[in-house]
Amino acid sequence: MQSSAAIGLVRPCAARPLAACPSYRRGGAGAGAGLRPVLPARGLRLSARAGLVPASPLEEEEKRRCRDVAASASAAAAAQGAGEEAGGGLVKTLQLGALFGLWYLFNIYFNIYNKQVLKVLPYPINITTVQFAVGTAIALFMWITGILKRPKISGAQLLAILPLAIVHTMGNLFTNMSLGKVAVSFTHTIKAMEPFFSVLLSAIFLGELPTPWVVLSLVPIVGGVALASLTEASFNWAGFWSAMASNVTFQSRNVLSKKLMVKKEESLDNINLFSIITVMSFFLLAPVTLLTEGVKVSPAVLQSAGLNLKQIYTRSLIAACCFHAYQQVSYMILARVSPVTHSVGNCVKRVVVIVTSVLFFRTPVSPVNSLGTGVALAGVFLYSQLKRLKPKAKAA
C-alpha cells in the first residue's frame, strides 16, 4: 500500500533548519566589536526541532548571574554618585562653619584690641580713619595681585554708592565713639536695637509695613535694652547716644541700598562693593580728621603722651585688619546663606562678643543687667525668625 505522500493526498513538510545556532549581528565599536549573537527572549532558547522552547536550568542560571552583575554595577555607580554628592555637601558645611568661626573670631579680636587702644588714645576719628586706611591698603593689594578681580565701575555707579559710603563712615565712627565711652558689652547691647530702626526706617522711606508679630517682637528688644541701660555701671549719655546713632546710620545704609538699587555689573560682587565703600570712606573721613582732631597717631604725639609706641601701633594694626576681615567674611557668608540665617548668625555673634568682652575686661554685670541683655538678644532672635514669615496674599 502506497503512503499518502506518494499519491499526493498531503503536502510535503517544509525543510527544517539544519542547526540550532542563534543568528548573529554586528556589534558596535569597542572591545566587543564584531559579531555577537541575538539571544532569544528571557527564559527561552532556540531548538532545531520546535523553534523557541524553555531554556535549560543551566542557561537560566547563567543569565540570572549576568543580570545580578549588571544590577550590582548600577547600584555601585549610584552609590558612588550619592557618596560624591554627600561628600560635596559635607565640604560645603565645613567651609560655612569655618567662615562663621572666622567671623566671630575676627569680631572678638577687633572689639578687644580696639577698646584697648581707645582707652589710652581717646581719638575715635583718628582711629576710625586708620582702620579705613588699612582696609583701603588691603583692598588695593587684593586688586593689584589679582586675588580679587578688579571691578569695572562707572562714574554713575560711584555717585550711587556715595550715599552708602557716607552712612557707612558715620556708622563705624559712631560705634568707635561709643566703644571709647562705655563698656564693649553695653555698646553691643544697645546695638541689638538695630531691628527696631530697620522696621521704623523701612516703614517711613520704603512703605514696608511690618506684620503685627514683627512689631510685637520689638517689645522685648526695646524693653531689654532699657533694662540693661538702667543698671549699666559704665553708662553715660555720650556712649549711649553714639551707639544709637550707629544703629540709625547702619540701618539707613540698608534702606538706601534698597532705595537706590545700585546697578552692579558682573565684576562688582558684594566683596568688591564693600572694598569700594571702604576706599571711599577713607577719603571722606581723612579731611574731617585733619579739621577736627588733627593727626594724633604720629610717633611724636604718642611719645609725648608717654604711650608705648610699639604696643599702640601693633594693637591698632590688629584691630584694623580684624575690622576689615570680619566685614568681608560677613559678606562671604551672606553670599552662601539666606538673609534670615545671616541675621541669626549675627545675633549669636553679638552674644559671643558680649560674653567674651565681659570675661576679658572683667566688666561688672548685675543680675538685672544680664537679664535685660538676655531679653533684648532673645527679642532679636525672635525678630529674625518672624521676618521670614511672609504675609498671606489677600484673595481678590
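Helices in this talk are DSSP runs of H or I with at least four residues, strands are E runs of at least two, and both are numbered from the N terminus. What you have on screen is a predicted model, so local features need pLDDT of at least 70 and side-chain atom pairs count only at pLDDT 80 or more, while totals for chains, interfaces and linings use all residues. Residues are numbered from 1 along each chain as its sequence is written, and side-chain values use heavy atoms, with hydrogens and water left out.

I'll start with helix α5. The expected span of a helix is 1.5 Å times one less than its number of residues. Helix α5 covers residues 194-206, which is 13 residues, and should span 18 Å; the end C-alpha atoms are 17 Å apart, which agrees. Just after α5 comes Gly207, with a positive phi of about 70°.

Which residues of α5 are buried? Buried means under 20% relative accessible area, exposed means over 50%, and partly exposed is in between, with a 1.4 Å probe and protein chains only. By that cut-off the buried residues of α5 are Glu194, Pro195, Phe197, Ser198, Val199, Leu201 and Ser202. As a reminder, an α-helix has 3.6 residues a turn, so residues three or four places apart point the same way.

Within α2 sits Ile127, which is buried at a relative accessible area of 7%. Ile127 and Ala319 are 192 residues apart in sequence, and their C-alpha atoms are 9.7 Å apart in space.

Side chains of opposite charge can pair when their charged atoms come close. A salt bridge here is a side-chain nitrogen of Lys or Arg within 4 Å of a carboxyl oxygen of Asp or Glu. How many salt bridges does the structure hold? The count is two. In one, Glu194 pairs with Lys191, with the closest N and O atoms 3.7 Å apart. Glu194 is buried with a relative accessible area of 15%, and Lys191 is buried at 7%. In the other, Glu194 meets Arg350 at 3.8 Å, N to O. That pair links distant parts of the chain, with Glu194 in helix α5 and Arg350 in helix α11, 156 residues apart. Arg350 is buried, as is Glu194. Together, Lys191, Glu194 and Arg350 are linked in a network of salt bridges.

Next, the rings. Rings of Phe, Tyr and Trp (its six-membered ring) pair if their centres lie within 6.5 Å; planes under 30 degrees apart count as stacked, over 60 as edge-to-face and the rest as tilted. That rule gives 18 aromatic pairs. One of them is Phe110 with Phe323, a tilted pair at 5.5 Å centre to centre and 40° between the planes. Phe110 is in helix α1 (residues 57-120) and Phe323 in helix α10 (residues 309-334), so the pair ties together parts that are 213 residues apart in sequence. Phe110 is buried, with a relative accessible area of 4%, and Phe323 is buried, also with 4%. Phe235 and Trp237 make an edge-to-face pair, 5.0 Å centre to centre with 80° between the planes. Here Phe235 is partly exposed at 27% and Trp237 is exposed at 54%. Both belong to a cluster in which ring pairs link Phe186, Phe235, Trp237, Phe240 and Trp241.

Now cysteines. A disulfide is a covalent bond between the sulfur atoms of two cysteines. The rule used is a pair of cysteine sulfur atoms within 2.5 Å, and the count comes to zero. Take Cys322: the nearest cysteine sulfur belongs to Cys321 and is 6.9 Å away. Cys322 is buried, with a relative accessible area of 9%, and Cys347 is buried at 7%.

Last, two places along the later part of the chain. Arg362 lies in the loop between α11 (339-361) and α12. Arg362 has a positive phi of about 55° although it is not a glycine, and at 74% relative accessibility it is exposed. Val375 is in helix α12, residues 367-386, and is partly exposed at 32%.
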